Amino acid sequence: MTQATDLRGIVPERESRNGPGRLALAVILLGQFMAILDVSIVNVALPTMRADLHASGSGLQLVVAGYIISYAVLLITGARLGDIAGHRRMYRVGLAGFTVASLACGLAPSTGALVVFRFLQGVGAALLTPQVMSMIQRNFTGAARARALGVYSAVIAGGVVVGQAAGGLLVSADLFGTGWRTVFLVNVPIGVALLLASPRTLPADDVPPRTTGLRAELDLPGLLTLAPAVLLFVVPLIMGHELGWPLWGWISLAASAVFLAAFVAVERRVAATGGRPLISPRVLRAPLLVPACVAMLFGPGSWGSFLFTTTLHLQGDLRLSPVESGLAFVPCVAAFALVGLNWQRLPARWHRPAVPAGFAVAAVGYLCIGPLAGGGLPYELLTMVIGFGLGVMPIIMTVALRHVAPEDAADASGLLLTLMQIAQVVGIATIGTLFLTLAESGASTRHAEYGTGWALAGAAFLGAVCALRLARGRTAAPAA
């Protein structure tokens, strides 16, 4: 039995070293790297965009959130399209769309145009990134798969670190007078190279015959109710402050609740008629999945808004250059990656308790943001503490998926990833708006850091409370 298992691990490993295996992994993960990079690389360029495009605070929020909104809403649909049309094909379609949208972002003449192109860039990412994990799972097994997943985790963590640093370097270099535009244009040559290499390196698609119709597979009714629910909720939160909280904003929030209720009803009906809902009631009954979903709303939400507001403070009252502010994030994100890549070395009994403990550490760190907002070494060490605390977020997904039935694993992971992205959008829309309001009223980003720190601490504390249920919950036998 042991010998057979060893052979299964060795053969795929050799295949990955000869022919398309290793090259395929490089092409797949470079596409994933670009998509992750574009979440964080924009943060450092925000002040420069504001000056060049005369963007408002809400415009900056939409530049960041627009990408995440479309990515989050379409993520599960992108995964299903890969199952239907082929993962290599959808990877290339998403990569082409992402590359073209990156070019359009780099050439955008106004804030409004940039926001639209960022939405389209998120669509490309939603088609591209779900195929990465699917191709790894389908083409690597045994030890080869374990190594591929390890590199995948490093790419996810490294994309955030490189994004913060590279964004500052590119903006400061001001190549050919392009300023902030290079943070988008850098994707174009990489995307073109990957498009040229992918037909020869990626394994051919083996698309199984569909047992249900295309509409049932994609759950279009669910998508058409979820998308407006998210947009109608986020947009008034972002725009409301600068427009004086107009009546249409409150109507939009109420309409969002209506669409959310419609989405729940639609999902139940799709499940009852034998279709594949975006969020299956059966998936939600998996042990620990619901507390994991709730915890996912607070950790990523505080993390995304922390990166957004801290960038504005570093280049605001602290007057750091783009490259200096980008490098200032490296210790913080490195601490985040250190925990995310090494938590499995801990004894298994510590895994679930580590989540509320990490959130509690982050909450204490957030409380110190205001008092230490003067910068310097204490501020850098504080950001490391915050990154260290929130580095436990990958544990949430791993623990939750460990007890999901194999046939539901893809939908469960898609749900968690979608919630993670939506949480970032809501965090930027709410805590980001609070920061901008306090900075405007006090004419100081340092002043804004006090109130923002308390809001971030509240979010992290709520995440810790919710994660207690995850730590104490009873589970069924682990699924295969």
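**Values and definitions**

Gln315 sits in the loop between α13 and α14, where helices are DSSP runs of H or I with at least four residues, strands are runs of E with at least two, and both are numbered from the N terminus. The model is predicted: local features need pLDDT of at least 70 and side-chain atom pairs count only at pLDDT 80 or more, while totals for chains, interfaces and linings use all residues. Residues are numbered from 1 along each chain as its sequence is written, and side-chain values use heavy atoms, with hydrogens and water left out.

Q: Why is Gln315 called buried?
A: Buried means under 20% relative accessible area, exposed over 50%, and partly exposed in between, with a 1.4 Å probe and protein chains only. Gln315 has a relative accessible area of 16%, so the residue is buried.

Q: What makes Trp343 count as buried?
A: Its relative accessibility is 6%, and Trp343 therefore counts as buried. The residue belongs to the loop between α15 (330-342) and α16 (351-367). Its C-alpha atom is 8.8 Å from that of Gly391, 48 residues away along the chain.

Q: Why does Pro199 count as partly exposed?
A: Pro199 has 42% relative accessibility and therefore counts as partly exposed. It is part of helix α8 (residues 187-201). Pro199 and Arg88 are 8.4 Å apart, C-alpha to C-alpha, and 111 residues apart in sequence.

Q: Why is Arg319 called exposed?
A: Its relative accessible area is 72%, so Arg319 is exposed. This residue lies in the loop between α13 and α14 (322-328).

Q: What makes Ala443 exposed?
A: A relative accessible area of 69% places Ala443 in the exposed class. Ala443 is located in the loop between α19 (409-442) and α20 (445-472). Its phi is near 55°, again positive in a residue other than glycine.

Q: How do you know that the side chains of Asp38 and Arg118 meet in a salt bridge?
A: A salt bridge is a side-chain nitrogen of Lys or Arg within 4 Å of a carboxyl oxygen of Asp or Glu. The N to O distance for Asp38 and Arg118 is 3.6 Å, so the pair meets the criterion. Asp38 in helix α2 (residues 20-53) and Arg118 in helix α5 (residues 111-139) are 80 residues apart, and the pair links distant parts of the chain. Both residues are buried. The search of the whole structure finds one salt bridge.

Q: Why is α13 described as roughly antiparallel to α18?
A: Helix α13 (residues 289-314) and helix α18 (residues 393-401) pack at about 160°, with axes 10 Å apart. Angles under 35 degrees count as roughly parallel, over 145 as roughly antiparallel, 65 to 115 as roughly perpendicular, and the rest as oblique. The pair is therefore roughly antiparallel.

Q: What makes Trp245 partly exposed?
A: Its relative accessible area is 39%, so Trp245 is partly exposed. The residue lies in the loop between α10 (220-239) and α11 (247-272).

Technical notes:
Axes fitted to C-alpha atoms, helices over the stretch in contact; angles between N-to-C directions.
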